[in-house]
Amino acid sequence: MFKEIVEKKHFSFHEGFDDWRDAVRAACAPLLSDGTIEKEYPEIIIQKVEELGPYIVIAPNICIPHAERGRGVNDTAMCFMKTEKPVSFDPNDPDKDARIFVVLAATDDEVHLNNLMQLSETLSDEAIVDKLLQAKTGDDLLAVEG
Amino acid sequence: MAASEDKGECINMLKVIAACGSGMGSSQIIKMKLEKVFKKLGYQAEIYHTNVGDAKSQANNYDVVFCSESLVGTFNGTRATVIGLKNLLSEAEMTEKIEAANLPK
């Protein structure tokens, strides 16, 4: 899963964010720089979370920012971000803190579904998640599945 | 419980919705995981994934709704059993909650 992410430079590492909204924007930034998404995409994601709560935090430490297809997305891709400090989505619920972010953007259903299958398999493996939490460079990402 | 008429090869198909905010990320992951878990537990299940708005309007036609814990409140008043998940990647949590809900096989 990480080969393409690293080749396309769809990853970033950060110390931390005081506001989860800034974390979502930063996680999307590499996709914005190469035109995979438009500026509105992170804002649509943020709006949805403000409306519905942090449903994008799918497991402890793991957040998959995404929004409905069709608006602000030009291509199908995944983009990885890791923070050293946990980003808080709900001050009353530490289970909704996240350090691993994988932004999903989709225009092609088949490629997207394949991405999701890889993502779900990879992030269900606790040993891989532990390595991702330690990762600091693109090379570290390539090594996690090795 | 759906009392199925016994006509030889009768199958009680459990009708399931997997819901998330957008219908294109988390809900598909829930669906993938549920397919595995239901199979393991011996259920025949038909799983539809969608966004919460659509899920809410359709929930009364389904037996069970699965969604992230943070979305459970959205389904207040629906007839379907609503199961909120803390960890969408945990097959163990799904198994435990399906067993606790005592869904008809």
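Q: In which sense do strand β1 (residues 14–20) of chain B and strand β3 (residues 64–68) of chain B pair, and over how many bridges?
A: They pair in the parallel sense over four bridges. Two strands count as paired if DSSP finds at least two bridges between them, and strands are DSSP runs of E with at least two residues, while helices are runs of H or I with at least four, numbered from the N terminus. Within this pairing, Ile17(B) stands opposite Val65(B) in β3(B).
This is a predicted model: local features need pLDDT of at least 70, and side-chain atom pairs count only at pLDDT 80 or more, but totals for chains, interfaces and linings use all residues. Residues are numbered from 1 along each chain as its sequence is written, with chains lettered from A and ligands numbered from 1 in the order in which they are written.

Q: What is the order of the four strands in the open sheet of chain B?
A: The order is β2-β1-β3-β4, and the pairing is parallel.

Q: Why is one side of β2 (45–51) and of β4 (81–85) of chain B left without a neighbour in the sheet?
A: Both strands stand at the edges and each has a single partner strand, so one side of each lacks a neighbour in the sheet. From one strand to the next, the twist averages 25 degrees.

Q: Which strands does helix α1 (residues 26–41) of chain B touch?
A: Helix α1 packs on the sheet and touches β1, β2, β3 and β4 of chain B. Contact requires C-beta atoms, placed from the backbone, to lie within 7 Å. The direction of α1(B) makes about 170 degrees with that of β2(B); angles run from 0 to 180 degrees between N-to-C directions, and axes are lines fitted to C-alpha atoms, for helices over the stretch in contact.

Q: What describes the packing of two helices?
A: The angle between their axes and the distance between the axes describe it. Helix α4 (residues 109–123) of chain A and α1(B) pack at about 65 degrees, with their axes 10 Å apart.

Q: Which residues make the contact of α4(A) with α1(B)?
A: Leu113(A), Leu116(A), Met117(A) and Ser120(A) of α4(A) make it with Gln28(B), Ile29(B), Met32(B) and Lys33(B) of α1(B).

Q: What share of the 105 residues in chain B is buried?
A: Buried residues make up 42%; a residue is buried if 20 or more other C-beta atoms, placed from the backbone, lie within 10 Å of its own, exposed if 12 or fewer, and partly exposed in between.

Technical notes. Contact = placed C-beta atoms within 7 Å.
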